[in-house]
Amino acid sequence: MKNNFYTLFLLSLLVFGVQAQTRRTSVPLQHGAHRIGNRTDVDMERWRQHGLGQFIHWGVYAILGGFWEDKCYPGAAEWIRSWKEMPKDAYDNLYKQFNPISFDAKAWARQAKQMGANYVIFTTKHHDGFCLWPSRYTDYTIAHTPYRKDVVKQIVDAYTAEGIDVHLYFSIIDWNHKGYRSAVPETRQDSIAYESFKAFTRNQLVELLTAYPEIKGLWFDGSWDKAWINEAAWVDALGLELRNLHPGLIIGSRFRADEYGKRHYDSNGDLIDDYDQTWERDLPDSMEDLHGSDWDCVMTVPENQWGYHSEWKGYVKTSYDLLEMMVKAVSMNGNFVLNFGPDGKGNIRSEEAKLAKEIGDWMKINSEAIYGTSHSNVRKQDWGYFTQKGNKLYMCVFNRPINNLLKIEIPKGGVKPVKAYFLEDNKETEIQNAGKNKRNSSLYHVVIPASYKTDHPFVILLETKENVKEEGEYQQAKI
Ligand code: JFZ
């Protein structure tokens with residue numbers, strides 16, 4: 001008995017000790033997260049249901065397509081100005097040739113709609129500083145090209161008309177502005193210059209929100225410079241100003257740092273702003289990597305090309321690859337955003353058009369497994385991914401088992417599947433009860449008829465008796 005008490009005492013010490021270690025730190029912060037957990041308003045709920053988005057990188061770099069005087073720049077095409085072989089003057093005068101006569105915003109929007117995209121993120125200004133809208137605050141804009149017309153307005157109008165939400169990409173880095181600095185200003189001269197850059201950045205953002213009030217969010221980039229990070233208080237105030245100006249505005253975690261220079265997640269581990277923007281060309285392995293946050297994954301078709309590069313090198317992703325990434329993202333409560341890099345004339349390259357068509361064809365049949373669905377706590381199996389909504393579990397199959405049996409493991413106390421059918425033809429298929437395992441999960445097999453032939457990933461809808469439980473546990477774990 002005495003021994004038992006002693007063991008209990010030791011055990012409780014251990015438990016409390018571990019708890020103390022894992023408890024969240026609590027650094028008093030003025031410019032960290034202003035909210036714990038995800039937003040719950042209608043605008044954010046709408047964003048959360050998008051599933052698939054389109055990214056567009058377009059600017060004067062598209063004229064070069066990754067080449068300067070027959071020399072191929074191996075990096076990301078939109079970065080060519082930073083290449084030692086690229087004369088800066090020549091780059092900074094490219095806009096005088098920008099005349100995308102084939103640009104047809106309505107055709108782009110139709111194509112995005114056909115692909116199944118629910119939102120678009122469009123580059124208003126990349127690191128080079130060239131503005132695709134006629135900004136009053138610089139001459140380095142579309143208004144001073146032979147083309148002249150406002151590209152951002154055409155995009156906003158055409159996509160909005162298709163029912164596709166518009167988010168504007170905006171780079172803080174601006175290689176064209178005289179006051180831009182990457183390092184924290186040390187001299188008086190640098191400080192004055194940087195102040196002018198800050199005012200310019202603010203003016204441009206206010207200008208964008210005022211000129212295009214239909215937009216839903218700002219997708220910031222190029223915010224990693226020490227100079228910008230050092231301005232935590234000012235950037236925080238700017239964010240609040242933008243939100244006041246545009247209620248419902250959605251801003252990701254790549255806009256500002258806290259006062260200790262922590263980005264994305266603040267010094268207490270809380271997400272800064274509305275969604276986690278760290279999943280760039282990368283997907284989480286598991287829900288634990290996500291800390292319960294809303295998030296997006298932005299993805300290139302080749303390895304790392306955003307702007308137009310006339311020669312894609314290396315592996316180019318197929319629609320199968322991209323669909324799998326999208327489903328994986330959605331199965332973990334994320335949005336998947338596929339990048340397009342139109343050429344200098346405004347044409348979407350044929351490889352991208354083909355992918356948009358193939359993804360769209362798949363979405364026409366299977367999008368109900370994507371839109372408005374969320375993570376399922378039904379244990380993932382190697383054949384693919386689950387998404388869920390109401391009393392529906394979507395089995396998104398990417399790896400068909402040789403024995404044609406799709407294993408399902410429903411945790412103890414979970415839902416009961418009653419009916420399984422293919423989304424593509426509504427044909428019902430058999431569910432076998434396969435008993436329970438040691439964890440007391442209920443096991444089932446959904447049978448793929450041997451006669452079923454396909455060269456595409458496919459979705460089987462599993463109807464359950466009760467509504468599937470929403471995942472709340474990760475959110476709660478943060479509080
Ligand atoms: C940035 C840009 O430099 C790039 O040109 C493109 O616009 C992309 C969407 O964003 O590139 C990044 C930014 C952040 C990371 C990687 C590339 N990151 O955090 O891993």
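The model is a predicted one, in which local features need pLDDT of at least 70 and side-chain atom pairs count only at pLDDT 80 or more, while totals for chains, interfaces and linings use all residues. Residues are numbered from 1 along each chain as its sequence is written, and side-chain values use heavy atoms, with hydrogens and water left out.

Several polar contacts (pairs of N or O atoms within 3.5 Å) can be followed here. A polar side-chain atom of Trp79 sits 2.9 Å from a ligand oxygen atom. For Tyr169, a side-chain N or O atom is 3.4 Å from an oxygen atom of the ligand, and for Glu280 the corresponding distance is 3.4 Å. The protein buries 74% of the 450 Å² that the ligand exposes when taken alone, with areas from the Shrake-Rupley method and a 1.4 Å probe.

Turning to the overall layout, the chain is assigned domain 1 (2-369) and domain 2 (384-466), with bounds from an automatic or database domain assignment. Their centres, taken over C-alpha atoms, are 36 Å apart. Contact between them (heavy atoms within 4.5 Å) involves 12 residues from domain 1 and 15 residues from domain 2.

A nonpolar core is a set of buried Ala, Val, Leu, Ile, Met, Phe, Trp, Tyr and Cys residues joined through side-chain atoms within 4.5 Å, buried meaning under 20% relative accessible area (1.4 Å probe, protein chains only). The largest has 101 residues, of which Trp58, Tyr159, Met326 and Phe336 touch the most other members. Apart from it lies another core of 20 residues, including Leu393, Val397, Ile408 and Ile410.

How values were computed. Buried means under 20% relative accessible area, exposed over 50%, partly exposed in between (1.4 Å probe, protein chains only). A polar contact is a pair of N or O atoms within 3.5 Å; within protein, one must be able to donate a hydrogen and the other to accept it, and residues adjacent in sequence count only if both atoms are side-chain atoms.
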